[in-house]
Amino acid sequence: MSTPGAAVPGSDALELPPFSLDVQALDLGGEVKAVGLELVETENREPVRGKDAAEIWSAVFPALAASEPYAVDFFSHVERVREFCKMRQIALRDAAERCVVLPQPNQEQLRQIFERFGGETFGFRAGAGSQATDAALEGDLAKRGLDAYQAAYARYTFCAICEPEDGWVTLLSESLWPSEIIRRLRPAAQPFDVYIARPN
């Protein structure tokens, strides 16, 4: 949903959608082009967590990637990630000593990933190069965590730092601006009754 709300019958009040996804440009300094996505409960502005968040984020990311390939990057708790993927038959590639890559998980697998690892920080990248080994980036992820994306995101359509516990995603992209992100997200968010807004 992308309208502010519907009038409550017999009342002047608006009935707002339960969730809001705020999309806004971020100033990270230098030449870094970034957009913040914040998923919150509309009424109390608390981050959306758990199953609701997992369902929404798992629909959002394939929509952002559009028809391009994508991958999920983990640089911590990799043993837990390996075990989780093995049990659910999710494809995984060991990229570096402390980095694993999940190439092209489907939406249901993404939902499971966001639900299981909602308390962790992990990465998501989309673009033609996301299915091939990117030794420079993956080695850097193992050493520096998701700060490694700042030097690499221009090679991809976008790189995203996912912090589901906080309801927050930082999307680094040379080509996706807030208006294009919102255009891509509207159809994916509609089944979840999410109000997409640009706060600024």
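The buried residues of helix H2 are covered by elements that include strand S5, strand S7 (99–103) and helix H3 (107–116). Contact here means heavy atoms within 4.5 Å. The model is predicted: local features need pLDDT of at least 70, side-chain atom pairs count only at pLDDT 80 or more, and totals for chains, interfaces and linings use all residues. Residues are numbered from 1 along each chain as its sequence is written, and side-chain values use heavy atoms, with hydrogens and water left out.

Helix H2 spans residues 78–88. Helices (H or I, at least four residues) and strands (E, at least two) are DSSP runs, numbered from the N terminus. Val78, Val81, Phe84 and Cys85 of H2 are buried. Buried means under 20% relative accessible area, exposed over 50%, and partly exposed in between (1.4 Å probe, protein chains only). Seen down the axis of H2, the buried residues fall within an arc of 120 degrees, so they line one face of the helix. The arc is that of the directions from the helix axis to the C-beta atoms. Glu79, Lys86 and Met87 are exposed on the other side of H2. Just after H2, Gln89 has a positive phi of about 55 degrees.

The sheet is open and holds 9 strands, in the order S6-S7-S5-S8-S9-S10-S4-S3-S11, with mixed pairing. Two strands pair if DSSP finds at least two bridges between them. Strands S6 (93–96) and S11 (194–197) stand at the edges; each has a single partner strand, so one side of each lacks a neighbour in the sheet. From one strand to the next, the twist averages 25 degrees. Axes are lines fitted to C-alpha atoms, for helices over the stretch in contact, and angles run from 0 to 180 degrees between N-to-C directions. Strands S3 (residues 19–27) and S4 (residues 33–41) pair in the antiparallel sense over 9 bridges. Asp22 stands opposite Glu38 in S4. Helix H1 (residues 50–65) packs on the sheet, and its direction makes about 150 degrees with that of S4.

Aromatic pairs number 9 in the structure. Rings of Phe, Tyr and Trp (its six-membered ring) pair if their centres lie within 6.5 Å; planes under 30 degrees apart count as stacked, over 60 as edge-to-face and the rest as tilted. Tyr70 and Phe124 are stacked, because their ring centres lie 5.0 Å apart and their planes stand at 25 degrees. This pair links distant parts of the chain, with Tyr70 in S5 and Phe124 in S8, 54 residues apart. Tyr70 counts as buried at 7% relative accessibility, and Phe124 counts as buried at 1%.
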